[in-house]
Amino acid sequence: MQVKVVIGTIAFMLTMIVLGYAALLEPSRLEHFTGAYQGRSIEQGAQIYINNCATCHGVDGTAEQCFDAAGSVIPCVGRKLNYYFLLCGDRPLRLEETRWQGTKAQFIEMTVSAGRTGTVMPAWLNTFGGPMRPDQVWNVTNFVLNWETEELCENPPPQLNWPETVEEYNTMEFTEVEPPFKAEAGDPERGAAVYEARACFSCHGYPEEPGTNAVGPWLGDIADVGATRVEGMSAQDYVYVSILHPNDFIAPDCPDGPCPSPSTMPSTFASDFALNPQDMADILAYLLGDAYEFP
Amino acid sequence: MATIFEQISEMGLKQALITKADEITERITAGMNISDIRGALRGDEPRRPNPRLRPHADGFWFHIRPSFYHTEVTHIYPTFRLGWLSTFMMVWETITGILLMIFYTPSPLIAYGNMWNILSNVPLGQLMRNMHRLGAEVMVLVVALHMLRTFITGSYKKPRQFTWATGVILLTLTALLSFSGYLLPWDQLAYWALTVFLSGAEAAPAPPAFNQNVLFILQGGPALGAGGLLRWYLFHVLLLPLLLGVFFFVHYYKVILHGISLPPSREEIGEDTAKRVPKDERTYFTPDILSSELMWTALITLILTAGSLWFWDAPLESHADPVVTPLHVVAPWYLSWSQGWLKLAPKTIVVGFIPLLLVAFIVMPYFEVGKSRRYADRRLGLSVAFLFVAFMLVSNWMGTPKFRVESSPEREVSQAILPQEGPSYLRGVPYEFLVPGTYVPGQVIDGNPHLTRALGVFQRAMYRQSCTLNGNPDLPFNWYPCSEEVLDNGTVVYGNHFTDNAMPDPYAELRITQEQENMVRLTLIYEVVNPQNPEEFLILSDEAVGFRHENSLYEEECLFLNKNC
């Protein structure tokens, strides 16, 4: 019996030592598993993203490379997600623009869950008629947030000091870009390509075909009606300002009645076009035809 | 009785404290004071009247234990401590289970997150979960072995038939308890294991309307969801433990009533050791049995704790998804035999056979009335038992994915190294060794043993699923030559030594690309040209895609013995 007491006592002490050892390692283990939970959530989100979201938002979230089911290139109709103005800082521009009061994570979760009214972005959460469970929405959110890197946030997109009117745009020299840029006469054919590439058609339809606009106003007659919208403003200035600052003027004639305010149009073109400011001239030439004036 | 202050003034502080301690000890042990305990531990003879018997008369916990046992049953043989161990596991599961209950909500929205909360936010949470899950599997094993032992030593015979019958029920309840706990994490493993189980309920040999209603009750609605999870949770923490408790006490009462059976050579049928134990063959509960049990408690606790910490890890797959069926769903190992049986007979017959088998087990001792417990006289019975055990082991083996219904060859290869769930060979490679690039099966990469190993497994999986028509001039090794079979519709299928559905001269590669700054994408690509028509591909697939985040920790899971990577 003495042997049993000794064995039992030793076993008990060893158990306590094992537990103590486990307890000592516990803080670092918990930290590891917190990372693992996040990491696996991002992995799951990636799987969902490539199956559902990449068609519109691009394979790398920059809305630049989109493929349909057959693998052919299609224009990206979604917004940029791997993007400075969505991910960087505590209150990125996108949150301000939509007057969102919560965090970035909540903004993305909400947008994925409920979709965005007035755009082609559908609701994904099953509560709102979508196909996903809450945990899946959360995984996608984590995946999108994981695009926030130092590299992205240390290199904000180039900014241009856009002048207030087309006349000034046509004549002034932009020294912020390298090499300095000066506008040339817009080319309607290139403008049509920009219109396609920037997926403007996904909301405004095609100017050649009335009634193709799904969300925003149809732009086929913008050369005429643009001049009537704001007193004292020419059609080309109206279009120019509306592209750069969508919220300055709200058009009255969206397909579902008056256009919503704040506008659902991305306010990122001021920064997008800074990469190649000539795009502005081309798209004005395409949309306005004869109403576009170049000296 | 004098108060402590009066005692102190009467006999001084030291003596008063000793007297008080003695009093308290006697109350706690229900009859033994400090010097009695020291005497018992030293191995002294007890004083008379024997204070070591008093706890059995005065305290509840000792009252339910006999005050002495036949010395013969206190040896490892014939009991192997299996009955005691089953009881120990029951207590173990109750304690760890209650601790886990604190952190669990039976809702499909929350349950899976709770698991990760237990793992990532609860101190010693992973250990607790591992202990509970490991304990559950050990308990099934121990109870099954207990039953086997009882049969082999013939202890089920008169007068212990009813004890055996309750034991069969306890085994069933143990398996059900273990299995009902399976669903609670609400991960893919849980969801699909239960779905397989429920599809059995649907196939029972009864009128379809009856089966439909049983299924409806078991899954808490037309499909397994929130209602079902809550129900299985209640089965797990309420109904089944209650039933287990009731049958446990009946079983235990009968064990005490008839005594634990002696080895077959020492006890005839119909004898009962509880009443007549000769004086010189008694082993008293206090202190011998008690100290022995405390020793085993300490030892088993140590083994299970160390096992849960270092050697065995409770699996947790991704969130349950009713629309994504993982390839090769398997039942837990202790129910794997039923999956094996499904390959031998139609579902309805299998599902109908299991309750019949249980009833046969329960009534067996009332029909098997052989006149001797000696092994030599029970050759037929023991042969049947061992054949049954062998049959169960083979059935279990047949239930494993080794005998699966094969999917397409490239999926089988992907399943071998990059399955949808679990750590696996590729995900188990530490993140820093997953260098972006393109790799072929069997490629050796200097300074990267992890990826080299995974690519080795890739090659072996390809070897099983490939064959060659042209003799593989480009490869350093040879695949089996293709056998061809022309189906009725004119398509040709190729086979090799292992399978009837192999890829003829395939090309395969692993592509690792940087998906995000801290995450890579793993893509398995297969290209198989149709030998009948070189313009066209038989297989052209890049669907097997997995992601690996730098923090996702699969390589640490791989350290456990029960993880395959």
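User: How many residues of chain A are in contact with chain B?
Analyst: Quick note before we start: this is a predicted model, where local features need pLDDT of at least 70, side-chain atom pairs count only at pLDDT 80 or more, and totals for chains, interfaces and linings use all residues. Residues are numbered from 1 along each chain as its sequence is written, and chains are lettered from A and ligands numbered from 1 in the order in which they are written. Two residues are in contact if their C-beta atoms, placed from the backbone, lie within 7 Å. On the chain B side there are 38 residues, and on the chain A side the count is 35.

User: Which element gives the largest share of the side of chain A that touches chain B?
Analyst: Helices (H or I, at least four residues) and strands (E, at least two) are DSSP runs, numbered from the N terminus. Two elements of chain A give two or more residues here, helix 1 (2-57) and helix 5 (134-145). The largest share, 29 residues, comes from helix 1 of chain A.

User: In what order do the four strands of the open sheet in chain B sit?
Analyst: Two strands pair if DSSP finds at least two bridges between them. Strand 3 (437-439) and strand 10 (537-549) of chain B each pair on one side only, so they are the edge strands by that pairing rule. The pairing is antiparallel, and the order in chain B is 3-8-9-10.

User: How many bridges join strand 8 of chain B to strand 9 of chain B?
Analyst: A hairpin links these two strands of chain B through two residues. One of the pairs is B:Gln514 with its bridge partner B:Val520 in strand 9. Strands 8 and 9 of chain B run antiparallel, and the number of bridges is nine.

User: Which residue in strand 8 of chain B is the bridge partner of B:Gly437?
Analyst: Strand 3 of chain B is joined to strand 8 (residues 507-516) by three bridges. B:Tyr439 stands opposite B:Leu510 in strand 8 of chain B. For B:Gly437, the bridge partner is B:Ile512.
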